[in-house]
Amino acid sequence: MMENKKVKEHVKKRYGEIAKTDCSSCSLSCCSSSSCGPPPQYVSWKLGYSPGDIESVPEESVLGLGCGNPVALASLKEGETVLDLGSGGGIDVFLASKKVGPSGRVIGVDMTEEMVERAKATALKHSYTNVEFRLGEIEALPVEDESVDVIISNCVINLAPDKLRVFQEAYRVLKSGGRLMVSDLVTEGALPEEVRKSFDAWAECIAGALEKSDYLEKIATAGFTNIKIISQRPYTIDVSPELRGKITSIQVEARKNP
Ligand SMILES: C[S@@+](CC[C@H](N)C(=O)[O-])C[C@H]1O[C@@H](n2cnc3c(N)ncnc32)[C@H](O)[C@@H]1O
């Protein structure tokens with residue numbers, strides 16, 4: 001078993017480096033290696049964002065780091081309070097901000113200082129008034145009990161060593177009747193031992209991914225009901241040939257006291 005503290009240090013280092021990079025010409029393909037490739041706008045489009053989505057948010061927030069588009073599926077309404085677990089450069093926070101409008105609020109939480117600084121600077125530069133970025137871990141959310149209508153998250157929970165704790169925290173901060181809409185990577189079939197033990201593979205969103213049934217079970221154990229996979233597809237971006245077909249991107253919805 002890999003030591004949780006070391007996993008987190010490695011993940012923070014990886015995303016801290018990414019946050020400090022100018023991503024306009026390089027795909028950092030953040031759930032994978034940081035090599036030059038197609039622009040992040042293209043990667044984001046492949047992940048499920050429409051060209052309109054990408055054009056409507058600040059360029060600095062588009063890092064190509066996710067594995068889906070939870071905002072598109074969350075049916076956000078004016079005035080809602082939304083929490084994004086592992087907000088990175090803030091792409092989903094900025095998208096959600098438009099949906100909830102000036103009477104709503106979007107809070108992004110991320111444990112990597114450089115990411116939070118980047119997202120805060122972007123919000124300030126582009127005069128967003130209904131968003132907030134907080135430094136913190138999703139296993140111990142810096143958010144009050146029962147204060148949020150909707151929780152979104154995009155390719156982050158697989159990076160957390162204690163996923164049950166994350167879902168328990170999500171449950172704690174959601175209002176009764178609130179909903180969870182998560183995009184994440186899960187596995188279908190055993191991964192090679194050397195992949196499971198690799199810190200790099202963990203930071204690339206592979207080694208920490210749970211088997212799909214285990215992931216859904218943890219959501220239920222945390223207390224959620226009405227758990228539904230809204231969509232799923234094989235995840236292939238930067239996945240090595242030996243792992244193809246074993247990594248799936250899923251979009252999961254769940255409710256607290258529906
Ligand atoms: C793959 S990126 C996704 C970023 C963003 N959701 C997006 O789609 O662009 C993962 C982000 O989650 C953050 N993260 C990873 N583990 C975390 C944890 N345990 N608590 C808080 N943030 C975490 C990382 O710092 C990084 O910014």
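My entries on this predicted model follow.

**Ground rules.** I number residues from 1 along each chain as its sequence is written. The model is predicted, so I take local features only at pLDDT of at least 70 and side-chain atom pairs only at pLDDT 80 or more, while totals for chains, interfaces and linings use all residues. Helices (H or I, at least four residues) and strands (E, at least two) are DSSP runs, numbered from the N terminus.

**Entry 1: helix 1 and helix 6.** I looked up how helix 1 (residues 4-19) meets helix 6 (residues 113-125): their axes come within 7 Å and cross at roughly 30°. That makes the two helices roughly parallel (angles under 35 degrees count as such). Axes here are lines fitted to C-alpha atoms, for helices over the stretch in contact, with angles running from 0 to 180 degrees between N-to-C directions. Y15, G16 and A19 of helix 1 meet E113, E114, M115 and R118 of helix 6; contact needs C-beta atoms, placed from the backbone, within 7 Å. I sorted the residues of this contact into three nonpolar, one polar and three charged. For the classes, Ala, Val, Leu, Ile, Met, Phe, Trp, Tyr, Cys and Pro are nonpolar, Asp, Glu, Lys and Arg are charged, and the others, Gly among them, are polar.

**Entry 2: helix 5.** I checked burial next, and eight of the 10 residues of helix 5 are buried, among them D92 and F94. Buried means 20 or more other C-beta atoms within 10 Å of the residue's own, exposed 12 or fewer, and partly exposed in between, with C-beta atoms placed from the backbone. Just after helix 5, G101 takes a positive phi of about 70°.

**Entry 3: T81.** I found T81 in strand 1 (residues 81-85). T81 is partly exposed because 19 other C-beta atoms lie within 10 Å. Beyond its neighbours within four places in sequence, T81 is in contact with G104, R105, S147, V148 and D149.

Methods. Angles under 35 degrees count as roughly parallel, over 145 as roughly antiparallel, 65 to 115 as roughly perpendicular and the rest as oblique. Two residues are in contact if their C-beta atoms, placed from the backbone, lie within 7 Å.
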